[in-house]
Amino acid sequence: AMLNTAAPFSPWLQRQLANQTLNLDILTQWLPRPLTPNDYAQFANWQQLQADGNEAEIARQLRVLRRHVLAHIIARDINRQSPLAEVTRTITQFADFAINTALDYAHAHYQALYGTPIGRHSGAAQHLTVIAMGKAGGYELNVSSDIDLIFIYPESGDTDGKRERSNQEFFTKVGQKLIALLGDITADGQVFRVDMRLRPDGDSGALVLSETALEQYLVAQGREWERYAWCKGRVVTPYANGIRSVVQPFVFRKYLDYGAYEALRGLHRQIRSEVSKKGMAGNIKLGAGGIREVEFIAQVFQMIRGGQNRSLQLKGTQETLAALAEAGILAPESAARLLEAYRFLRRLEHRLQYWDDQQTQTLP
């Protein structure tokens with residue numbers, strides 16, 4: 001019944017129901033409650049697929065799972081069963097699951113060819129650290145979002161197989177395979193578009209970096225907008241890494257950092273001129289009074305005061321606004337109004353995306 005109530009508001013969902021692409025038994029079990037990572041883990045026999053090295057089937061099952069997650073989110077949200085935080089957490093946890101499933105496959109695939117990547121100094125086996133940036137970092141993904149990722153490995157060295165490769169080369173291949181597993185468009189659609197442009201030197205930079213290279217880059221070249229981006233950086237892989245000690249001092253300065261004002265003003269000006277140039281006044285994310293402006297307000301205070309006030313070192317916009325009110329930095333009524341606006345606009349953004357599973361923020 002929840003699916004039928006939601007269907008008029010989503011031609012995408014109507015198509016899935018008409019073409020019988022959804023397992024209604026699974027959805028019937030899922031719909032009364034929020035999803036958990038455990039639901040994703042039990043959706044297919046992932047261990048068997050990994051053991052068989054069945055790349056095509058892993059890719060297919062991830063796409064089929066996404067379809068079910070999206071149907072679940074749409075039905076619960078349109079039936080007013082889920083607050084915004086549930087919607088964004090559900091899709092973000094699914095992204096984390098998909099990234100780790102793809103990474104497990106990619107790592108095992110290249111390990112079979114080249115051996116285990118070993119750290120030159122520690123002599124220990126190496127694993128790729130995947131960092132989610134932007135909304136994925138703050139558990140704030142929208143349902144048709146792409147994901148912003150950065151790939152870092154602990155230390156340089158070589159693999160220990162007969163066909164030796166440098167760790168840089170090994171993890172570049174692993175990263176490319178992960179991107180393809182999630183991003184390639186097949187008959188079953190795609191899992192997520194993967195955007196790697198936030199990495200050091202953007203599209204012209206290496207796809208993967210060692211922790212040392214990342215640290216050298218941030219110290220020597222890291223720009224103010226990158227501090228703003230790294231504020232939301234969140235490690236989504238379970239392996240040991242030293243990312244926090246590298247990123248922390250770059251993002252949060254020990255003193256009250258008023259330089260952050262000017263940097264964010266510049267960023268804000270840039271976005272405003274883009275918006276007017278492209279005639280995007282109806283864009284609820286980037287237009288005046290849109291989602292991005294609420295995010296900016298939260299983050300400018302975080303960057304100025306976060307070094308001194310640890311309670312502001314948060315990833316998500318909603319909890320940051322609450323913490324700012326709590327700390328007396330924002331008037332409670334201002335924080336409440338911003339939160340209300342943010343939740344309204346994010347829910348509206350989701351309604352626009354439910355319509356046809358397109359990443360749009362423009363009012364029709």
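This is a predicted model: local features need pLDDT of at least 70, side-chain atom pairs count only at pLDDT 80 or more; totals for chains, interfaces and linings use all residues.

Reader: How many helices and strands does the protein have?

Author: The count is 16 helices and seven strands. Along its principal axes, the C-alpha trace spans about 60 × 55 × 40 Å.

Reader: What radius of gyration would a compact globule of 364 residues have, and what does the protein have?

Author: A compact globule with 364 residues would have a radius of gyration near 21 Å, and the protein has 21 Å, so the two agree. As for burial, 52% of the 364 residues count as buried. Contacts tell you about the fold too: among those between residues at least 6 apart in sequence, 72% join residues at least 24 apart.

Reader: Next topic: the inside. Where do nonpolar side chains tend to go in soluble globular proteins?

Author: The general idea is that they tend to be buried together. Here, the largest nonpolar core has 64 residues, and Ile147, Leu149 and Leu182 have the most contacts inside it. Helix α7 (residues 84–114) gives the most to this core, with 13 residues.

Reader: Which residues does Ile147 touch, leaving out those up to four places away in sequence?

Author: Its partners are Ala95, Ile99, Ala136, Leu141, Leu182, Phe192, Arg193, Val194 and Asp195. Apart from that core lies another, of 27 residues, with Ala298, Phe301, Ala323 and Leu345 among them.

Reader: What about a helix? Which residues of helix α12 are buried?

Author: Start with the general idea: an α-helix has 3.6 residues a turn, so residues three or four places apart point the same way. In helix α12 (residues 243–251), the buried residues are Ile243, Val246, Val247, Gln248, Phe250 and Val251. They pack against β2 (129–133), β3, α10, α11 and β7.

Reader: And Ile74, is that one buried or exposed?

Author: Ile74, found in helix α6, has 1% relative accessibility, so it counts as buried. Leaving aside residues up to four places away in sequence, Ile74 touches Ala6, Ser10, Trp12, Leu13 and Tyr354.

Reader: How many Å separate the C-alpha atoms of Ile74 and Ile243?

Author: They are separated by 35 Å, and the two residues are 169 residues apart along the chain. Ala213 sits in helix α10 (residues 211–221) and, at 27% relative accessibility, counts as partly exposed.

Reader: Are Asp77 and Arg351 buried or partly exposed?

Author: Asp77 has 3% relative accessibility, so it counts as buried, the cut-off being under 20%. Arg351, at 27%, counts as partly exposed.

Reader: Which residue forms a salt bridge with Lys232?

Author: Glu140 does, with the closest N and O atoms 3.2 Å apart. This pair also links distant parts of the chain: Lys232 is in the loop between α11 (224–230) and β7 (234–235), and Glu140 is in the loop between α8 (134–137) and β3 (147–153), 92 residues apart. Lys232 is buried, with a relative accessible area of 7%, and Glu140 counts as buried at 5%.

Reader: Last one: which residues make the nonpolar surface patch of about 260 Å²?

Author: Leu256, Tyr258 and Tyr261 make that patch. Leu256 has its place in the loop between α12 and α13 (259–277), and at 30% relative accessibility Leu256 counts as partly exposed.

How values were computed: Residues are numbered from 1 along each chain as its sequence is written. Side-chain values use heavy atoms; hydrogens and water are left out. Buried means under 20% relative accessible area, exposed over 50%, partly exposed in between (1.4 Å probe, protein chains only). A salt bridge is a side-chain nitrogen of Lys or Arg within 4 Å of a carboxyl oxygen of Asp or Glu. Helices (H or I, at least four residues) and strands (E, at least two) are DSSP runs, numbered from the N terminus. A nonpolar core is a set of buried Ala, Val, Leu, Ile, Met, Phe, Trp, Tyr and Cys residues joined through side-chain atoms within 4.5 Å. Contact means heavy atoms within 4.5 Å. Patches are made of residues with over 30% relative accessible area and no salt bridge: like charges are joined within 9 Å, nonpolar side chains (Val, Leu, Ile, Met, Phe, Trp, Tyr) within 5 Å. Accessible areas come from the Shrake-Rupley method with a 1.4 Å probe; for residues, only the protein chains shown count as cover. The radius of gyration is taken over C-alpha atoms; the globule rule is 2.2 Å times the number of residues to the power 0.38.
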